[in-house]
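Morning, everyone. I have one chain to go through today, and I will start from the overall picture and then move to a few local spots. Please have the structure open as I talk.

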Amino acid sequence: MLTIGAFAKACRLSPKALRLYDELDLLRPARVDPDTGYRYYAAAQLEQARLVAWLRRIGMPLARIREVCALPPEAAAGEIRAYWRQVEAETTQRRDLAEFLIDHLTTDGRRDETSMLELRYAAHSDTGLVRRQNQDTAYAGTRLLAVADGFGPGGAPVSRAAVEALKTLEAQEIPAGDVLNLLQETVHGAGDAGDGDSGTTLTALLWTDSRLALVHIGDSRAYLLRDGALFRITHDHTLVQSLIDEGRLTPEEAGSHPRRTLLLKALGTAAPDLRLHDAAPGDRYLLCSDGLSSVVPDARIRTALTTAGTPEEAVHTLICAANEAGGPDNVSCVVADVVRTAAP
């Protein structure tokens, strides 16, 4: 048996931490002297203590450490892998915001006097070939691009309400430094339109100061075509995507998973993803419901976006592709080009 001091030195945890972990039922001593209250630990407990110390060093919360320590090694490794992927995703979002803040604070914010950027856009929503009702809403305007995919008995009005809430921002001149907070407040209010049986996804881009502010929740998607390469700039909030993130499912297996449409997040149930994107002349953006992305592979989406001369042509081609693939769901597409125009 080891005293708490000797055990702390061996496992690199402080006696104070060991007392806390005892209180939290995370790492109980092997024996407590009934007269003195001194804690004694068995040498066999060192491995678990070191695991706790390592998990604390990577920032894992104590409640999750307790769950990991109760698992067999292979399952524990899977949980650690899933936790770290979550940390990386959150760090990426914070990195993007930090880069924006650095840029915001180190530039004078003056626009180029000879040119400016603007959007040229098209939007369309189609019922598809199977569904009787279209619960999608697609919108494109001079400063706002949005797709919402409603579900449940009241899905159609909920998706419309979400987009209508965002349209109130289109007429406002919003500084880039304020736009993410304002977007979050607006969609939070829009989420109240849903109920337990009905809701909506939402993916939208709001133009501000030659940047595009992204708000996203659910499994509608946003893509960027830049220099011929296609990038997905949103992350699906679905069960199968979480299994892919955790390494429990491959992207190929996800396509045939029986619960591939199950959402983990929808508007009003959780905080949306928020991000700022720098726009560049020649960029082409696509926002779409899963009625497109679930049946049309990314390679074909890229071909359609690359070959279409105008946003209208791209939208028409993509919706036709979804219907040619069976049109099992409503399909909505918004395509927008970032173009340079001469300043007045």
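Let me begin with a loop. Arg 12 sits in the loop between helix H1, residues 4-11, and helix H2, residues 15-23. This is a predicted model, so local features need a pLDDT of at least 70. The phi of Arg 12 is near 65°, a positive value in a residue other than glycine. For context, most residues other than glycine have a negative phi. Arg 12 also counts as exposed, because its relative accessibility is 78% and the cut-off for exposed is over 50%.

Now the overall picture. The chain has 344 residues, and 45% of them count as buried. The chain holds twelve helices and 14 strands. Along the principal axes, the C-alpha trace spans about 85 × 55 × 40 Å. If you take contacts between residues at least 6 apart in sequence, 65% of them join residues at least 24 apart.

Next, a sheet. How many strands does this open sheet have, and in what order? There are three, in the order S1-S3-S2, and the pairing is antiparallel. Strand S1, residues 2-3, and strand S2, residues 31-32, stand at the edges; each has a single partner strand, so one side of each is left without a neighbour in the sheet. S2 is joined to strand S3, residues 39-41, by two bridges, and these two strands run antiparallel. Within that pairing, Val 32 has Arg 39 in S3 as its bridge partner.

Strand S3 comes up again with the aromatics. The structure holds one aromatic pair. The pair is Phe 7 with Tyr 41, and it is stacked, at 4.3 Å centre to centre with 10° between the planes. Phe 7 belongs to helix H1 and Tyr 41 to strand S3, 34 residues apart, so the pair links distant parts of the chain. Are these two residues buried or exposed? Both Phe 7 and Tyr 41 are buried.

Strands S10 and S11 run antiparallel and are joined by four bridges. Tyr 223 stands opposite Arg 232 in S11. The hairpin has two residues between the strands, and Asp 227 takes a positive phi there, near 55°. To place Asp 227, it is in the loop between S10, residues 221-226, and S11, residues 229-232. Asp 227 is exposed, with a relative accessible area of 80%.

What volume does the second largest pocket have? About 780 Å³ of space lies in it. Its lining is made of 28 residues, and the closest to the centre are Asp 219, Arg 260, Asp 290, Ser 293 and Ser 294. Four elements are listed as giving two or more residues to this lining: strand S6 (144-151), helix H8 (239-245), helix H9 (251-254) and helix H10 (290-293). By class, the lining has eight nonpolar, eleven polar and nine charged residues.

To recap the local spots: Arg 12 has a positive phi near 65°, and Asp 227 has a positive phi near 55°. The aromatic pair of Phe 7 and Tyr 41 is stacked, and the second largest pocket is lined by 28 residues. That is what I have for today.

Terms used: Residues numbered from 1 in each chain as written. Predicted model: local features only at pLDDT ≥ 70, side-chain atom pairs only at ≥ 80, totals over all residues. Heavy atoms only, no water. Pairing = 2+ DSSP bridges. Buried < 20%, exposed > 50% of the residue type's maximum accessible area, 1.4 Å probe, protein only. Phe/Tyr/Trp six-rings, centres within 6.5 Å; stacked < 30°, edge-to-face > 60°. 1 Å grid on protein atoms, 1.4 Å probe; cavity = no way out; pocket = protein on both sides within 12 Å on 5 of 7 lines; lining within 4 Å. Points joined across faces, edges and corners; volume = space filled by probe spheres on them. Nonpolar A, V, L, I, M, F, W, Y, C, P; charged D, E, K, R; others polar. Contact = heavy atoms within 4.5 Å.
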